[in-house]
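Me: I have a structure open here and want to go through a few of its residues. Can you help me read it?

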Amino acid sequence: MGAKSFGASDFQIIFKVMCVEALPSIISAITLTLITVIGFSAMAGAVGGGGLGDVAIKYGYYRFQTDTMIYTVIILIALVQVVQSLGDYFYKKKKKKKKKKNP
């Protein structure tokens, strides 16, 4: 507890040390959670839950409109890639900032 030896209060230790150290991992976990939710919503649509998975099944698969099914899959892939890229960007930004503070 180096911060405690410098006279930091419990509040300062929690919010200025622990939260700062944990933020990159929290960002990574949020990114993974969002990608999982996108996947689950697509699967839920396949069983009638609505959303892009429902569009892909109803209009693409059942009506033999391959182009509609491919478009919805491309939209889902693009959505996952955008979320993953943003998550990686913010993770690296916070990780780099943490390294600069502690040379």
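Me: Let's start with K97. Which helix is K97 found in?
Reply: K97 lies in helix α4, which covers residues 66-101. Keep in mind that this is a predicted model.

Me: Is K97 buried, partly exposed or exposed?
Reply: K97 counts as partly exposed, because its relative accessibility is 42% and that class sits between the cut-offs of 20% and 50%.

Me: How far apart are K97 and V20 in space?
Reply: Their C-alpha atoms are 9.9 Å apart, while in sequence K97 and V20 are 77 residues apart.

Me: New topic. How many aromatic pairs are there in the whole structure?
Reply: A search finds 3 aromatic pairs. One of them is F11 with F15: the ring centres are 4.7 Å apart and the planes are at 45°, so the pair is tilted.

Me: What kind of pair do Y89 and F90 make?
Reply: An edge-to-face pair, because their planes are at 65°, and the cut-off for that class is over 60. The ring centres of Y89 and F90 are 5.3 Å apart.

Me: Are Y89 and F90 buried or exposed, or in between?
Reply: Y89 is partly exposed at 49% relative accessibility, and F90 is partly exposed at 42%.

Definitions and conventions
Residues numbered from 1 in each chain as written. Predicted model: local features only at pLDDT ≥ 70, side-chain atom pairs only at ≥ 80, totals over all residues. Heavy atoms only, no water. Phe/Tyr/Trp six-rings, centres within 6.5 Å; stacked < 30°, edge-to-face > 60°. Buried < 20%, exposed > 50% of the residue type's maximum accessible area, 1.4 Å probe, protein only. Helix = DSSP H or I, 4+ residues; strand = E, 2+ residues; numbered from the N terminus.
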